[in-house]
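Hi,

Here is the structure we talked about handing over. Please have a look at the sequence and the fold below, then read on for what turned up.

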Amino acid sequence: MSLPKREVDELRPWVERTVKKVLGFSEPTVVTAALHCVGKGLDKRKTTDQLRPFLDDSASSFVERLFEALEESRNSRGNRAAGEKNRKRELKEVFGDEMEGVKGGDSVESVVKKKRVPRFEEVEEPPVLPGPPTESPGMLTKMQIKQMMEAATRQIEERKKQLSFVTPGPIMQPRLVPSQTDSSAPHPILPTVGATQSIAPSQAANFMNDAIEKARKAAELQAKIQSTLAMKPGILVFYTSSLKGHLGRTVDASGKEVELTHRMPTLKANIRAVKREQFRQQLKEKPSDDLESTSYFDSRVAINSAQRAKRGFRFHEQGRFEKIAQRIRTKAQLEKLQMEIAQAAKKTGIQASTKLALIAPKKELGEGEIPHIEWWDSYILPSHIELSAHINFDEVEMHGVTNLVEHPIQMAPPVDTDKPVTLGVYLTKKEQKKLRRQTRREAQKELQEKVRLGLMPPPEPKVRISNLMRVLGTEAVQDPTKVEAHVRAQMAKRQKAHEEANAARKLTAEQRKEKKVKKLKEDLSHGVHIAVYRIRNLHNPAKKFKVEANANQLYLTGTVVLHKDVNIVVVEGGPKAQKKFKRLMLNRIKWDEPNSKRDDDEGSRKYNKCTLVWEGTAKERSYGEVKFKQCPTESMAREHFKKHGTEHYWDLALSQSVLETTDD
């Protein structure tokens, strides 16, 4: 026989305690299974079979205890039903024929309520003195319940005595007056009992029964509350009116202060919110100003607040900026004068002879004369000595000549050459094929293991038109058209998968660009390769574009200085890029190719060519992106190179240009 849901819920606490006692820990699965068996009305054998997977050997004893508890709950419900039936029988004996007039929809309780007299509510109940709490605060003990029952019994006896002295009189029928709150439900208004009116015996019995019923219900309610609290010992019961004392603290029924357990949040967000609130409360709390009460406070030490130092005025000396301006004006005038002298020397042809004088030694003798001493020997011989054929040079003290050997200081190279050079391992064709076979064999074994373990479906047989009959056999003979269509669809599917795999491996435009740039950009950690070229005429726009575009494409840095008859191209980069750029400058570009629109006549046009002035290595780059710089004077050109710390490039190229002009 199945149980209603309310009875199953009443059994749940007992089942949870029993499961915890049997297993040693709480298990919601076992509790749910046991309640399900009881609710479905299964017998002991079926219930044991259902719970055996959870409880093993202790299932039979647990089922026995479960059914005993079920029988006890049914017996208690039967006792309560019998008590209710007896109470209804007593009411019928008291009211007599009035119970017969009750309609089918009205209950006995409603009749009792209609017969109650409001005067009974005016009787003051004696106060119940609460005893000391023994089990938990706010819970009535057995002694208090007994005292309350005795007080109710005494009150009933006193009421009986009062009613026995009142003479019986005519009973006035109650008058129905509509209520203010609900006009559709009239309430009976009974006449008050005065000196001339008396209460009927039926009403007196009604009053007594009501008082007895109230006392019995109160006792049952208190017993139920105590049994519930006994099952849950951690629960405290408070009276709503006595929760807060006069100081605002939580108290129990006896007035003692109770510490409530505060629930702490478990979520990270709630924990952070609580910490923020605590931090704000700490900030709001002002620190105690009573510093002098501490033992470390020294009133003699003055506390200086941190202040920013004020800035004072700093005056310049009088005439300072006038001197700076005068210096700038003098420098500008000097540069202007040098420029005018250079222009005049260029027009008269003095400049080339001046440059040659810096390189060649001074000639103090006429043509064909033999000097007594060479100019390089004049630096070590004393100036006051007279040279002759009989002089003994062993006795002459020469400047800078000793019997010691001077060893020049060895300078460290710009790059570290002590690091061992590691060569890559290159496999032969045979070794490459063998390595590929081994890799493919391992991959195939892994796929076979996955198919064997059921992690992936087995691959379809690779059928082609050529092996159609050998693979399919009888199926191809039965319906050759269908099989051929299936094979062709499978071939198209394999072809499509192959093309998709190729497309997935194909590099995008950005990846191809990055690969090309990575290939062109070389490792310059071991040094930067530099090359200096000199060109006579670089006015042709096409040739200028080729020089600039190739330098940028090869990721070379440097500069191009344009000067009359001395056009210098300096490029910096890796060895591969330098090799390609060198081939461009010396072989690919035809420098002497005439331009009919821009160049002069054949007679007046000079022979144009490109020469490699110098190439070598440096530790780091000196220039940025290749740019053209127009320098009308030599000083401006040298200043441009000096700014980057490479003025020796200009000196070397200019000296070669002067010598070449002199030879011409």
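The largest nonpolar core has 20 residues, and Tyr533, Val569, Phe581, Met585 and Trp591 touch the most other members. Keep in mind that this is a predicted model. The largest share comes from α17, with four residues.

Val569 is worth a click. Setting aside residues up to four places away in sequence, Val569 touches Ala531, Val532, Tyr533, Ile535, Leu538, Val547, Thr559, Val560, Phe581 and Met585. Two of the residues on that list, Phe581 and Met585, are also among those that touch the most other core members.

There is also a second, separate core. That one has 18 residues, including Val30, Val38, Phe62 and Val63.

As background, nonpolar side chains tend to be buried together in soluble globular proteins.

Next, the helix pair. Helix α16 covers residues 541-553 and helix α17 covers residues 575-588. They pack at an angle of about 160 degrees, with their axes 10 Å apart. Angles over 145 degrees count as roughly antiparallel, so α16 and α17 are roughly antiparallel to each other. The crossing of α16 past α17 is right-handed. On the α16 side, the contact is made by Lys546, Val547, Asn550 and Ala551. On the α17 side, Phe581, Leu584, Met585 and Arg588 make the contact. By type, the contact residues are five nonpolar, one polar and two charged. Phe581 and Met585 turn up here again: they belong to this helix contact, and they are also members of the largest nonpolar core.

Helix α17 also holds Lys576. Is Lys576 buried or exposed? Lys576 counts as exposed, because its relative accessibility is 61% and the cut-off for exposed is over 50%. Lys576 and His529 are 47 residues apart in sequence, yet their C-alpha atoms are 9.7 Å apart in space.

Last, a loop residue. Thr646 sits in the loop between α18 (634-643) and α19 (647-663). Its relative accessibility is 3%, so Thr646 counts as buried. What does Thr646 contact, leaving aside neighbours within four places in sequence? The partners are Ser622, Tyr623 and Phe641.

Best wishes

Terms used: Residues numbered from 1 in each chain as written. Predicted model: local features only at pLDDT ≥ 70, side-chain atom pairs only at ≥ 80, totals over all residues. Heavy atoms only, no water. Axes fitted to C-alpha atoms, helices over the stretch in contact; angles between N-to-C directions. Helix = DSSP H or I, 4+ residues; strand = E, 2+ residues; numbered from the N terminus. Parallel < 35°, antiparallel > 145°, perpendicular 65-115°, else oblique. Left-handed = near helix turned anticlockwise from the far one by under 90°. Contact = heavy atoms within 4.5 Å. Nonpolar A, V, L, I, M, F, W, Y, C, P; charged D, E, K, R; others polar. Core = buried A, V, L, I, M, F, W, Y, C linked by side-chain atoms within 4.5 Å. Buried < 20%, exposed > 50% of the residue type's maximum accessible area, 1.4 Å probe, protein only.
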